[in-house]
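Colleague: I'm new to this one. Can you walk me through reading it?

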Amino acid sequence: MLRLAVLVSGGGTNLQAIIDAIKDGQITNAEIVAVISNNPKAYALERAQQAGILALCISPKDYQDREAFHDALLKALLAARADLVVLAGCLVVIPEKIVDAFENRIINIHPSLIPSFCGKDYYGLRVHEGVLARGVKVTGATVHFVDKGTDTGPIILQKAVCVQAGDTPEILQRRVMEEAEWVIMPKAIDLIANNKITVVDGKVVEI
Ligand code: GRF
């Protein structure tokens, strides 16, 4: 049984998709052992509590410096005996010491087709603002393993979403979440939980 620790910062709709997918059997051989938020007000924590899942807030504001915050986050992940760390709407930059401790065992959902509209300046609505400003006709979402870069790790799954006339960043964000994020995040977890993929020469391959 793969032990999942899900890191969140906001509404938690990706977390909810994972909770629901485990409940309805779309994800097998996995359980969420902890949900951890840097934001005490994240509704994702409420979703975890409603699902009877350990919900922790580890906020940088509660630590004397960034290093102490990182140490507390790593300690919580190790205490939870997490096998896979899932960044689901997580706005915390994962430090090298955690990437090293969980090599190819951290995944992230990004709301674009990497390598487009990604990197340190592209997060949340900014991604969709960039998509609309550039006038691309197709966008989507990507689940990837986390390495020491920003949105640069091996790509696991992607799903395309058409941009429609009249889209605003908010409308497009919602469509990308509904049609792509909430589909590929659970699917990626199920692939990993059932040992269907691995990383070879920096690329994800099916086993
Ligand atoms: C989503 O668009 C996700 O791609 C991004 O954060 C947004 C909110 O996610 N990383 P959630 O509703 O908190 O899961």
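Modeller: On a 1 Å grid over the protein atoms alone, a cavity is a set of points where a 1.4 Å probe fits but cannot get out; a pocket is an open set with protein on both sides within 12 Å along at least five of seven lines, and lining residues have an atom within 4 Å of a point. Points join across faces, edges and corners, and a volume is the space filled by probe spheres set on them. By this rule the count here comes to one cavity of 30 Å³ or more. Bear in mind that this is a predicted model: local features need pLDDT of at least 70, side-chain atom pairs count only at pLDDT 80 or more, and totals for chains, interfaces and linings use all residues. Residues are numbered from 1 along each chain as its sequence is written, and side-chain values use heavy atoms, with hydrogens and water left out.

Colleague: What volume does the largest cavity have, and which residues line it?

Modeller: Its volume is about 40 Å³. The lining is made of Leu7, Val8, Ile36, Ser37, Asn38, Ile58, Phe69, Leu73, Cys90 and Val92. Helices (H or I, at least four residues) and strands (E, at least two) are DSSP runs numbered from the N terminus; β1 (2-8), β2 (30-37) and α3 (66-79) each supply at least two residues of that lining. For classes, Ala, Val, Leu, Ile, Met, Phe, Trp, Tyr, Cys and Pro count as nonpolar, Asp, Glu, Lys and Arg as charged, and the others, Gly among them, as polar. The cavity lining has eight nonpolar, two polar and no charged residues.

Colleague: And the pockets? What is the volume of the largest pocket?

Modeller: About 810 Å³. It is lined by 37 residues, and those closest to its centre are Cys90, Leu91, Asn108, Ile109 and Tyr123. The elements giving two or more residues to this lining are α1 (13-23), α4 (96-101), β5 (106-110) and α6 (169-193). By class, the lining has 15 nonpolar, 16 polar and six charged residues.

Colleague: Where does the ligand sit?

Modeller: In the largest pocket; to sit there, more than half of a molecule's atoms must lie within 2 Å of the grid points. The elements that give two or more residues to the shell around the ligand are α1 and α6, and α6 gives the most, with three residues.

Colleague: Which residues are around the ligand?

Modeller: A residue is near if one of its heavy atoms lies within 4 Å. The shell is Gly10, Gly11, Gly12, Thr13, Asn14, Ala88, Gly89, Ile109, Pro111, Gln173, Met177 and Glu181. By class, that shell has four nonpolar, seven polar and one charged residues.

Colleague: How many residues line the second largest pocket?

Modeller: It has 14, of which Asn104, Phe145, Ile192, Asn195 and Ile197 lie nearest its centre. Its volume is about 210 Å³. α6 and β8 (197-200) are the elements that give two or more residues to the lining. By class, this second pocket's lining has eight nonpolar, three polar and three charged residues.
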